[in-house]
Amino acid sequence: MAQQLSNQRIAWFNGKFMPEGQVMIPFRDRSWKYGDGAFDMTRTFGHKVFKLKEHIDRFYRSLKYVRIDIGLSKSELTSIAEQVVTHNAALLPEGDELALVQFATPGELKTYAGTATARTTPTLVLHTYPLPWSIWATKLEHGA
């Protein structure tokens, strides 16, 4: 990952790591127009993703069902997920954890293929968000 990303959270967006604030889903993406897509979410414990293999497997089953080919193997996606989590976990306060979200859409509608910005290949994003201990402690200690 690029050095300039060392002090901010990152995401994986359509083939590259970038600051999460730079991830922009085009308004013509089928996820906006029709709700097309697949997603999966899990969390970390001790900054390790909980059941990552099972979540990757489930994500791929969903992708198959909605006929989205993200063009990556499960091992490639696993590596990307681990890199995003490792990088972002290093920025957390002591005791905090992360949620990991992976989602894919079919891309933009083919109808828009003639526009200058059309991307009719799948959109893929992996990102995290903090799970502050102060918010989750009671739920983890006593149940939700």
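Select Arg30. At 29% relative accessibility, Arg30 counts as partly exposed; that class lies between buried, under 20% relative accessible area, and exposed, over 50% (1.4 Å probe, protein chains only). This is a predicted model, where local features need pLDDT of at least 70, side-chain atom pairs count only at pLDDT 80 or more, and totals for chains, interfaces and linings use all residues. Residues are numbered from 1 along each chain as its sequence is written, and side-chain values use heavy atoms, leaving out hydrogens and water.

**Salt bridges**

The term means a side-chain nitrogen of Lys or Arg within 4 Å of a carboxyl oxygen of Asp or Glu. Asp36 is partly exposed, at 23% relative accessibility. The whole structure holds five salt bridges.

Next, select Arg9 and Glu20. Their side chains form a salt bridge (2.5 Å, N to O). Arg9 lies in the segment before strand 1 (10-13) and Glu20 in the loop between strand 2 (16-19) and helix 1 (30-33), so the pair ties together parts 11 residues apart in sequence. Helices (H or I, at least four residues) and strands (E, at least two) are DSSP runs, numbered from the N terminus.

Move to Asp57 and Lys74, another salt bridge (3.1 Å, N to O). Asp57 sits in helix 2 (residues 52-65) and Lys74 in helix 3, 17 residues apart. Asp57 counts as buried at 15%, while Lys74 is partly exposed at 39%.

**Helix 3**

Select residues 74-89. Helix 3 has 16 residues and reaches 22 Å from its first C-alpha to its last, close to the 22 Å expected; that expected span is 1.5 Å times one less than the number of residues. Its buried residues include Leu77, Ile80, Ala81 and Val84.

**The cores**

Now select Phe59, Leu63, Ile70, Leu77 and Leu124. They have the most contacts inside the largest nonpolar core, which has 24 residues. Such a core is a set of buried Ala, Val, Leu, Ile, Met, Phe, Trp, Tyr and Cys residues joined through side-chain atoms within 4.5 Å. Helix 3 gives the largest share, six residues.

Centre on Leu124. Beyond its neighbours within four places in sequence, Leu124 is in contact (heavy atoms within 4.5 Å) with residues including Trp12, Phe59, Leu77 and Phe103.

Finish at a second, separate core of five residues, among them Ala11, Met18, Val23 and Val125.
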